[in-house]
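Subject: Structure handover

Hello,

Here is the structure I said I would pass on. My notes on it follow below.

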Amino acid sequence: MEKKGISKAVLKRLPCYLNYLRGIPDTASPYISATSLANALGMGEVQVRKDLASVSNGGRPKVGYERERLILDIERFLGYDNTNHAVLVGAGKLGLALLGYGGFASYGLDILAAFDIKPSVDRAESGQPVLPMDQLKTFCRRHKICMGILTVPANQAQQACERLIESGIRAIWNFAPVHLEVPDHILVQNENMATSLAVLSMHLQAQMKDEG
């Protein structure tokens, strides 16, 4: 699945650029070059230059990009200026915590409701309704939802994924530690906390070994 000819790999890198640009102090230069951005993020200059050129035509030779305009260009391309409605499946501790996280709004994400096989509450503390799974399809169709968030146990993830697809979902943010089988037109972004922890642990072990 591509957007305006942009690959999935580029789509995954753009938020990294955006987060860095947003964190630059207001007192810094109003311009930034692809070279500076690449060096700051430890990425290849050619790759960064191509990525930025694919979403913004504001770059100028020997000057770079006007930082605020580049931020807006990336936000618009990613759809952060238009709220993306989503539903969440799996209203356990992780699911309810994500429902209550207000920081998603700055990325244009609005989770309208959560769904669970056996809802433990009728409504999250943040206000969204927590509904039984048999209402998922009707809700998604009525609100034209295209994005789903999975926070279910691994042994329930594939079935929940299929229910989301049947409901019209085209993009899934998967927090379950399992590979999902989906059609080619469905985009899955995995957030595997076990993998992230393993990477951190190996880094720490290597660092401590070098110090020893």
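In what sense do β6 and strand β7 pair, and over how many bridges? The two strands pair in the parallel sense, over 4 bridges. Please keep in mind that this is a predicted model.

Strands

β7 covers residues 171-174, and β6 covers residues 147-150. Within this pairing, Met-147 has Ala-171 of β7 as its bridge partner. β6 is also joined to strand β3, residues 84-89, by 4 bridges, and these two strands run parallel as well. Here Met-147 of β6 stands opposite Ala-86.

Second largest pocket

The second largest pocket has a volume of about 210 Å³. There are 15 residues in its lining, and those closest to the centre are Val-89, Asp-116, Ile-117, Val-152 and Gln-156. Two elements, β4 (109-116) and α7 (154-166), each supply at least two residues of the lining. The most comes from α7, which gives 4 residues. Sorted by class, the lining consists of 8 nonpolar, 5 polar and 2 charged residues.

Ser-167 lies in the loop between α7 and β7. Is Ser-167 buried or exposed? Its relative accessibility is 3%, so Ser-167 counts as buried, the cut-off for buried being under 20%. Which residues is Ser-167 in contact with, leaving aside its neighbours within four places in sequence? They are Leu-136, Lys-137, Cys-140 and Arg-141.

Helix α2

Helix α2 spans residues 34-41, and its residues Ala-34, Leu-37 and Ala-38 are buried. These three cover an arc of only 100° around the axis, and therefore sit on the same side of α2. What do the buried residues of α2 pack against? Their partners are α1 (8-23), β1 (31-32) and α3 (45-53). Just after α2 comes Gly-42, which takes a positive phi of about 70°.

From α7 the chain leads on to the loop with Ser-167.

Regards

Technical notes
Residues numbered from 1 in each chain as written. Predicted model: local features only at pLDDT ≥ 70, side-chain atom pairs only at ≥ 80, totals over all residues. Heavy atoms only, no water. 1 Å grid on protein atoms, 1.4 Å probe; cavity = no way out; pocket = protein on both sides within 12 Å on 5 of 7 lines; lining within 4 Å. Points joined across faces, edges and corners; volume = space filled by probe spheres on them. Nonpolar A, V, L, I, M, F, W, Y, C, P; charged D, E, K, R; others polar. Buried < 20%, exposed > 50% of the residue type's maximum accessible area, 1.4 Å probe, protein only. Arc of directions from axis to C-beta. Contact = heavy atoms within 4.5 Å. Pairing = 2+ DSSP bridges.
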